[in-house]
Amino acid sequence: MNENIVKIDYLDKEIYLVKTAHVSKNSIDDVRACIEEVKPDSICIELDSDRYEKMNNTDSWRDQDIVKIVKEKKVGFLLVNIILSSFQRRMASNIGTNTGGEMLEGIRQSKELNIPLVLADRPIKATFSRIWNNLGLFEKSKLLVSIIASIFDDEEITEEDLQSLKEADALESALQEVGKEFPVVKRILVDERDQYLSFKIKNAPGKRIVAIIGAAHCGGIEKNINKDFNLDELENTNKRKGFGSLIKWLIPAAIIGMIVYTLIVNKDAGLSQIKSWVVWNGTLSALGVVLAFGHPLSILTAFVMAPITSLNPLLAAGWFAGLVEAFVRKPKVKDFEDIAEDTSTFKGFWKNRVTRVLLIVIFANVFSSIATLISGMEIFSSFFKNF
C-alpha cells in the first residue's frame with residue numbers, strides 16, 4: 001500500500017479508498033496494485049450510469065438529438081459537460097495519458113476477476129441541476145465565465161503537478177478557495193457528493209471493498225462514513241423557491257405596466273418605449289447569434305423572438321434561434337464524432353455544428369438578458385418622467 005490508498009474500518013467491513021487524479025498514469029497503477037493486494041468483494045468507482053455508458057461506448061455522441069436537447073432545455077448542461085470533458089482531455093494529453101484511465105482499469109478488473117462493480121457517484125445531471133438551481137443570476141454568470149476561461153488556459157500540466165494535487169493540504173487549500181468564490185458550488189459539487197459516495201461505498205456488497213475516487217473526496221468520505229444520508233434528497237433537482245422565482249414574473253409585469261401607463265398619458269413616449277424594447281432586445285440577441293456564427297435565418301429568428309420571449313420567463317429567444325439553426329444546418333454524424341477533437345481548440349467550438357447550436361442558444365439568451373436590463377432602465381426613466 002502507498003500513501004494514495006487509505007483504509008477505513010466500518011463495522012465489519014474493510015474499505016480501501018484509492019485516491020486518484022483522473023488523468024494520472026500513476027493512478028492506474030495504484031488501482032491495479034490495490035485490487036491485486038486486497039482481492040476485494042466489490043469495486044466502487046466514481047461514476048454514475050450515464051458517464052459509465054459514455055466511457056464504455058465511445059460512439060454514444062451519435063445517439064444525441066440536438067433538437068431534443070434544445071427543446072428539453074438541456075443546452076447549458078450539455079455545453080458545460082463538453083467543456084469540462086475537453087478540459088480533462090487536454091490535461092491528459094499534456095502528460096500522454098487518457099482521461100478516466102483509473103476508472104477504466106477498475107471496470108476492466110471487475111470484469112476479468114468477476115467482482116461486482118458499484119457505480120457510486122450521484123447522477124451528473126442531478127449535480128449540475130442542483131448547482132444551477134441554487135445559484136443567483138450573478139453567480140451563474142460568474143461561474144460560466146470562469147469555466148469558459150479555464151478551458152482556454154494553455155498552461156502545461158505535468159505529472160508532478162497532478163501528484164501534488166493528491167496531497168491533503170494542497171487539496172484542502174484549493175477547496176477553501178472554491179468555497180470562498182462559489183460556496184454553493186463547493187457544497188453541491190464536493191460536500192454533497194462526499195455524502196453520496198460514502199453511503200454507496202459503505203453499502204457495497206461484501207466485507208472488503210475497494211473504492212476508486214478522486215483525491216478531493218477522500219477526506220469527506222472518511223468524515224461521513226459513519227453517518228446516514230437520504231439519497232432521494234441528495235438527488236432532488238427541484239428549483240429553490242423564493243424571491244428569485246417571483247422576480248422573474250415581476251420584472252416583465254412591471255415593464256408591461258410602465259409601457260401601458262406611459263401610452264395612456266403620453267402616446268409618443270409610450271411608442272418610444274416599445275421601440276426601445278424591440279430594438280435593444282432584437283438587436284443584442286441577434287448579435288449574440290452573429291458572434292456564434294449563426295445562419296442568417298437564426299439571426300432573424302433571434303431578432304424577432306427576443307422582444308417577445310423577454311416578457312415571458314418560460315420562453316427564451318435562444319431556444320428558437322437554436323432550433324432554427326439545427327434545422328437549417330442540421331448536425332451530421334461527423335460533427336458528433338468530432339466533438340472531442342473540435343472542442344480542444346477555441347476555433348473548434350464554432351466550427352462544429354453541434355457546439356455552434358449550443359453557443360447560439362447561450363449567446364442569444366445572454367445578450368437578450370443584457371438588452372432587457374438596458375431597455376428596462378430606459379423604460380423606467382421614461383415612465384418616471386411621465387408619471
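Predicted model: local features only at pLDDT ≥ 70, side-chain atom pairs only at ≥ 80, totals over all residues.
The crossing of H14 past H20 is right-handed. The residues of this contact comprise 16 nonpolar, 11 polar and 1 charged.

H14 also meets helix H15, residues 296–309; their axes come within 7 Å and cross at roughly 145°. This crossing, too, is right-handed. On the H14 side, the residues involved include Trp277, Val278 and Val289, and they face a set in H15 that includes Ile299, Ala302 and Phe303. The contact of H14 with H15 has 10 nonpolar and 5 polar residues, with no charged residues.

In soluble globular proteins, nonpolar side chains tend to be buried together. The largest nonpolar core in this model has 27 residues, and those with the most contacts inside it are Ile66, Val75, Leu358 and Leu359. Helices H3 (66–71), H4 (75–94), H16 (317–328), H19 (346–351) and H20 each supply at least two of its residues. H20 provides the largest share, 9 residues. Leu359 touches Leu79, Ala292, Phe349 and Trp350, leaving aside residues up to four places away in sequence. A second, separate core of 17 residues includes Val6, Ile201, Ala211 and Ile213.

Key:
Residues numbered from 1 in each chain as written. Heavy atoms only, no water. Left-handed = near helix turned anticlockwise from the far one by under 90°. Helix = DSSP H or I, 4+ residues; strand = E, 2+ residues; numbered from the N terminus. Nonpolar A, V, L, I, M, F, W, Y, C, P; charged D, E, K, R; others polar. Core = buried A, V, L, I, M, F, W, Y, C linked by side-chain atoms within 4.5 Å. Buried < 20%, exposed > 50% of the residue type's maximum accessible area, 1.4 Å probe, protein only. Contact = heavy atoms within 4.5 Å. Axes fitted to C-alpha atoms, helices over the stretch in contact; angles between N-to-C directions.
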